[in-house]
Amino acid sequence: MLNRILRTAKLLLVLAALLIVAFYVDEWSDAGAPVLIAGQKLHIADGDSFSVGTQKLRLDGIDAPEYRQICQDAAGTAWQCGKASRAALEQILIQPGLECIAGVRDKYARAIATCSTTALPDIAAAQVRSGMAVSDEFYGIRSYGEEEDSARAAKSGLWTGEFLRPDEWRAANGR
């Protein structure tokens with residue numbers, strides 16, 4: 001009798017586990033799915049966010065200046081780094097073969113994505129390497145640390161002078 005109860009309990013646990021797995025597979029079935037790009041309208045919001053058709057995307061692992069963000073060059077002259085970052089991303093995104101692998105969504109309902117073109121295997125890395133974005137950092141680990149260090153050493157983009165990191169700029173500007 002006890003063996004029968006244990007087998008029934010084990011079977012119920014397995015069934016419950018399968019139901020949970022089935023729920024999450026259904027719930028997250030679009031995570032990791034390629035985003036169809038061809039023939040859809042492309043809109044670039046800033047240096048790390050854009051939309052393709054109705055799909056809003058944010059490049060994973062980077063943070064770019066906000067569109068209205070102003071930076072200073074080496075001479076202390078103000079320049080529109082947010083607009084420059086957006087323009088740099090636009091030049092990349094219009095290249096042939098744009099493809100994105102979308103994952104989870106952020107608090108703004110944008111799919112966090114890793115994107116490439118035929119010429120660039122990682123668009124986020126290109127934005128950081130050119131100095132048009134900085135690497136995200138979590139628990140001391142930077143997603144694109146080498147690319148950021150290279151841009152800083154070359155004084156590229158944001159690193160030509162002084163700037164507030166995008167998260168600091170948003171905090172200082174109530175965003």
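Keep in mind that the model is predicted. It has two disulfides, and its largest pocket has a volume of about 530 Å³.

**Disulfides**

- As a quick reminder, a disulfide is a covalent bond between the sulfur atoms of two cysteines.
- Cys 71 is bonded to Cys 81, with 2.1 Å from S to S. That link is right-handed, at 65 degrees about the S-S bond. It ties together distant parts of the chain, with Cys 71 in strand E6 (residues 71-72) and Cys 81 in helix H2 (residues 81-93), 10 residues apart.
- Why does Cys 71 count as buried? Because its relative accessibility is 1%, and buried means under 20%. Cys 81 counts as buried too, because its relative accessibility is 0%.
- The other bond runs from Cys 100 to Cys 115, with 2.2 Å from S to S. This one is right-handed as well, at 110 degrees about the S-S bond.
- Number the bonded cysteines in sequence order and you get the pairing 1-2, 3-4.

**Strands around E9**

- E9 is mostly covered, with five of its six residues buried.
- Glu 99, for one, has Ser 116 in E9 as its bridge partner.
- The E8 and E9 strands make a hairpin with five residues between them, and Ala 109 in the turn has a positive phi of about 70 degrees.
- Leu 59 sits opposite Ala 113 in E9.

**Around Trp 79**

- Trp 79 belongs to strand E7 (residues 78-79).
- What does Trp 79 contact, leaving aside neighbours within four places in sequence? The list includes Gln 69, Ile 70, Cys 71, Gln 72 and Asp 73, plus Ala 84 and Met 132, and it also takes in Gly 157, Leu 158 and Thr 160.
- Trp 79 and Leu 158 are 79 residues apart along the chain, yet their C-alpha atoms are separated by 9.8 Å.

**Largest pocket**

- Of the 24 residues lining this pocket, Arg 58, Asp 63, Arg 110, Asp 136 and Arg 170 are the closest to its centre.
- Strand E4 (55-59), strand E10 (134-135), strand E11 (137-138) and helix H5 (166-172) each put at least two residues into the lining.
- By class, the lining has 15 charged residues, along with five nonpolar and four polar.

**Second largest pocket**

- This pocket holds about 190 Å³ of space.
- Its lining is made up of His 43, Ala 45, Asp 46, Ser 49, Phe 50, Ser 51, Lys 56, Leu 57, Tyr 108 and Arg 110. Strand E3 (49-52) and E4 are the elements that give two or more residues to it.
- Which element supplies the largest share of the lining of the second largest pocket? E3 does, with three residues.
- The lining splits into four nonpolar, three polar and three charged residues.
- Arg 110 is one of the residues lining this pocket, and it is also among the closest to the centre of the largest pocket.

Conventions: Residues numbered from 1 in each chain as written. Predicted model: local features only at pLDDT ≥ 70, side-chain atom pairs only at ≥ 80, totals over all residues. Heavy atoms only, no water. Helix = DSSP H or I, 4+ residues; strand = E, 2+ residues; numbered from the N terminus. Contact = heavy atoms within 4.5 Å. Disulfide = S-S within 2.5 Å. Buried < 20%, exposed > 50% of the residue type's maximum accessible area, 1.4 Å probe, protein only. 1 Å grid on protein atoms, 1.4 Å probe; cavity = no way out; pocket = protein on both sides within 12 Å on 5 of 7 lines; lining within 4 Å. Points joined across faces, edges and corners; volume = space filled by probe spheres on them. Nonpolar A, V, L, I, M, F, W, Y, C, P; charged D, E, K, R; others polar. Pairing = 2+ DSSP bridges.
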